Amino acid sequence: TITNNNNNDNPTVSAQKNSALGWWENYIGPGLALDTDRFFVVCCNVLGGCYGSTGPESIDPKTGNPYGTTFPLVTIEDMVRAQFLLLDHLGIDTVHACVGASMGGMQAAKAAALFPDRVNRMASISSAARAHPTAIALRYLQRRALMADPHWRGGFYYDSEFPRMGMKLAREIATISYRSGPEWEMRFDRDRVSDTRSFRPDFSIESYLDYQGTQWCTRYDPNSVLYLTKAMDMFDMGDEHASLKDGLAQIRCPVLVKLGNPFVTASATRLNPKANCFGALNP
């Protein structure tokens with residue numbers, strides 16, 4: 001089963017209380033990849049997020065105000081340990097599989113390494129065993145764009161104007177990192193949406209980025225963006241081990257690693273082969 005938060009604004013899949021399509025709409029359900037006729041699917045909001053679990057938007061009981069940037073930094077390991085406390089609360093000893101994409105893939109790998117006796121399988125989709133310098137650089141720019149918005153106010157904006165422009169720019173930068181040059185060329189080439197020469201979006205790719213930034217910028221808490229992107233930057237399966245290979249060797253269950261868009265994969269492989277990062281899983 002999938003349970004949304006009290007506001008029903010975080011759908012994994014659509015539900016009776018929320019008909020909006022969820023992030024995993026085509027993958028979770030009867031007869032789908034995560035078959036709810038066979039499995040009980042648990043999907044919880046991450047620590048540091050803003051859709052239910054405690055994060056910077058949550059109220060600090062000591063002050064009666066949102067934590068803001070007084071909230072402590074969180075790591076992927078913190079998120080995973082919180083999730084397994086939830087499993088303990090639900091009385092679930094072992095899971096058939098931990099499955100995740102992007103940051104979720106990092107969590108799946110960490111879960112399999114931290115709890116090898118409780119995770120029977122692991123699937124990582126469009127993720128990595130450690131944050132690559134290029135990814136760190138792009139997420140750094142996202143955070144700088146957000147924090148440069150004067151309405152961010154050091155993270156204490158909850159009773160004032162929302163840092164909309166900073167969030168919009170951060171999302172536009174992030175969207176660039178989700179695609180590669182060859183795909184941009186295939187989808188947009190140099191097509192134009194206007195023959196007018198101006199500083200407004202004239203090219204189709206500019207219009208696409210503008211749309212993505214506008215659509216998303218008010219859907220998430222800006223401080224959560226800072227905390228979660230930093231958690232991804234700090235992620236390294238080799239931490240506290242002699243090497244990345246030794247860290248990955250802590251995973252003993254069968255592993256499925258699925259890379260994303262082939263163009264992105266090709267670009268990423270030239271920088272740092274993700275497949276090689278996970279090669280130690282099945283030596």
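Two strands pair if DSSP finds at least two bridges between them. Helices (H or I, at least four residues) and strands (E, at least two) are DSSP runs, numbered from the N terminus. The model is predicted: local features need pLDDT of at least 70, side-chain atom pairs count only at pLDDT 80 or more, and totals for chains, interfaces and linings use all residues. Residues are numbered from 1 along each chain as its sequence is written, and side-chain values use heavy atoms, with hydrogens and water left out.

**View 1. An open sheet of three strands.** The strand order is β5-β6-β7, with parallel pairing. β5 (98-101) and β7 (255-258) are the edge strands, each pairing on one side only. From one strand to the next, the twist averages 5 degrees (axes are lines fitted to C-alpha atoms, for helices over the stretch in contact; angles run from 0 to 180 degrees between N-to-C directions).

**View 2. β5, β6 and helix α2.** β5 and β6 (residues 122-125) run parallel, joined by four bridges. G100 stands opposite S124 in β6. Helix α2 (residues 103-114) lies across both β5 and β6, at about 150 degrees to β5.

**View 3. T175 in helix α4.** Helix α4 spans residues 164-177 and holds T175. T175 counts as buried because its relative accessibility is 4% (buried: under 20% relative accessible area; 1.4 Å probe, protein chains only). Its side chain reaches the backbone oxygen of R171 at 2.8 Å. Not counting residues up to four places away in sequence, T175 touches W184, Y208, L209 and Q212 (contact: heavy atoms within 4.5 Å).

**View 4. D202 in a loop.** D202 sits between α5 (181-187) and α6 (204-216). At 6% relative accessibility, this residue is also buried. Leaving aside neighbours within four places in sequence, D202 contacts R192, V193, S194, T196 and R197.

Conventions: Buried < 20%, exposed > 50% of the residue type's maximum accessible area, 1.4 Å probe, protein only. Polar contact = N/O pair within 3.5 Å; in protein donor to acceptor, adjacent residues only side chain to side chain.
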